[in-house]
Amino acid sequence: MKEKLSEKELALFQAVIDLIEEDADIHSIKVSDITNRAGIGKGTAYEYFSSKEEMVAKAIIWSGEKMFQKIMEILRTTGSLKGQIMAVLDFIETEMSESRCSTQLMRLQGQECRMKENLYREFTKFGGPQCQVESVLRILIEQGKQEGTIPVKMPETFVTMVLMAGFMSYFVYLLQGLETEEVPREQTKEFLQRNILLAFSSSEEQK
């Protein structure tokens, strides 16, 4: 997304995010809902965006970029893959699982609808959540290979699968309210952290 955004673009983005965080369904949000919240005319909005889907997609990308900047800064100052994995799990808990943008996007994954197709077309065009996730994974992989925790010869696809399986498991755990006395959050994070690292070490031992 371009670095410099106009005040009107920012107002429209913030309006979209506010509506979603107030539990408005992505499918049902209208352009008039967005423009009324932003205090901007519909005609003005279409000077910046060609469709509602583009407006919503760019707003979510903008919000995600701001959110992911936090974890990127933390990862760059964390000196081990073990610490970085826990930092990502903490981030999922404190930022992503509390964001209705994240949860609504997750629910869209299992739905076949025009809104989903249009949204993901816009995400692909402008660079969406996948780009942000890839940036996080890149830092983890570089750190892991540098310190020898991740085998250098291990295919990056496998590394990504291991990391994403652990992170997505925790996101689903939070989203579905699976926490119990026997499976508390801290213990769950430690379990996932340990098993991600174990997957890498097991791969090295099997050579």
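## Terms and model

A residue counts as buried when its relative accessible area is under 20%, as exposed when over 50%, and as partly exposed in between, with a 1.4 Å probe and protein chains only. The model is predicted, so local features need pLDDT of at least 70 and side-chain atom pairs count only at pLDDT 80 or more, while totals for chains, interfaces and linings use all residues. Residues are numbered from 1 along each chain as its sequence is written, and side-chain values use heavy atoms, leaving out hydrogens and water.

## Overall fold

The protein chain has 10 helices and zero strands; helices (H or I, at least four residues) and strands (E, at least two) are DSSP runs, numbered from the N terminus. Along the sequence the pattern is α-α-α-α-α-α-α-α-α-α. Of the 207 residues, 45% count as buried.

Contact means heavy atoms within 4.5 Å. Among the contacts in the protein chain with a separation of 6 or more, 69% are between residues 24 or more positions apart.

## Helix 2

The buried residues of helix 2 (residues 31-38) are Val31, Ile34, Thr35 and Ala38. Viewed down the axis of helix 2, these buried residues fall within an arc of 90 degrees, so they line one face of the helix; the arc is that of the directions from the helix axis to the C-beta atoms. An α-helix has 3.6 residues a turn, so residues three or four places apart point the same way.

The buried residues of helix 2 pack against helix 1, helix 3 (42-48) and helix 4. After helix 2 comes Gly39, with a positive phi near 70 degrees.

## Helix 1 against helix 4

Helix 1 (residues 7-21) packs on helix 4 (residues 52-76) at an angle of about 85 degrees, and their axes are 9 Å apart. That makes helix 1 roughly perpendicular to helix 4. Angles under 35 degrees count as roughly parallel, over 145 as roughly antiparallel, 65 to 115 as roughly perpendicular and the rest as oblique. Axes are lines fitted to C-alpha atoms, for helices over the stretch in contact, and angles run from 0 to 180 degrees between N-to-C directions.

On the helix 1 side the contact involves Leu10, Leu12, Phe13, Gln14, Val16, Ile17 and Ile20, which meet Met55, Val56, Lys58, Ala59, Ile60, Trp62, Ser63 and Lys66 in helix 4. The residues of this contact divide into 11 nonpolar, two polar and two charged. Here Ala, Val, Leu, Ile, Met, Phe, Trp, Tyr, Cys and Pro count as nonpolar, Asp, Glu, Lys and Arg as charged, and the others, Gly among them, as polar.

## Nonpolar cores

A nonpolar core is a set of buried Ala, Val, Leu, Ile, Met, Phe, Trp, Tyr and Cys residues joined through side-chain atoms within 4.5 Å. The largest has 32 residues, of which Ile71, Leu140, Leu163, Phe167 and Phe200 touch the most other members. At least two residues of this core come from each of helix 4, helix 5 (81-96), helix 8 (129-147), helix 9 (156-175) and helix 10 (185-205). Apart from this core lies another, of 21 residues, including Ile17, Ile29, Ala45 and Phe49.

Neighbours within four places in sequence aside, Leu140 is in contact with Leu75, Leu81, Gln84, Ile85, Val88, Ile150, Leu163 and Phe167.

## Individual buried residues

Gly144 lies in helix 8 and counts as buried at 0% relative accessibility. Not counting residues up to four places away in sequence, Gly144 touches Leu81, Thr149 and Ile150. Gly144 and Gln84 are 60 residues apart in sequence, with a C-alpha to C-alpha distance of 9.6 Å.

Helix 4 contains Met72, which counts as buried at 13% relative accessibility. Leaving aside neighbours within four places in sequence, Met72 is in contact with Ser135, Val136 and Ile139. Glu53 is also placed in helix 4 and counts as buried at 17% relative accessibility. The C-alpha atoms of Glu53 and His27, 26 residues apart along the chain, are separated by 9.6 Å.
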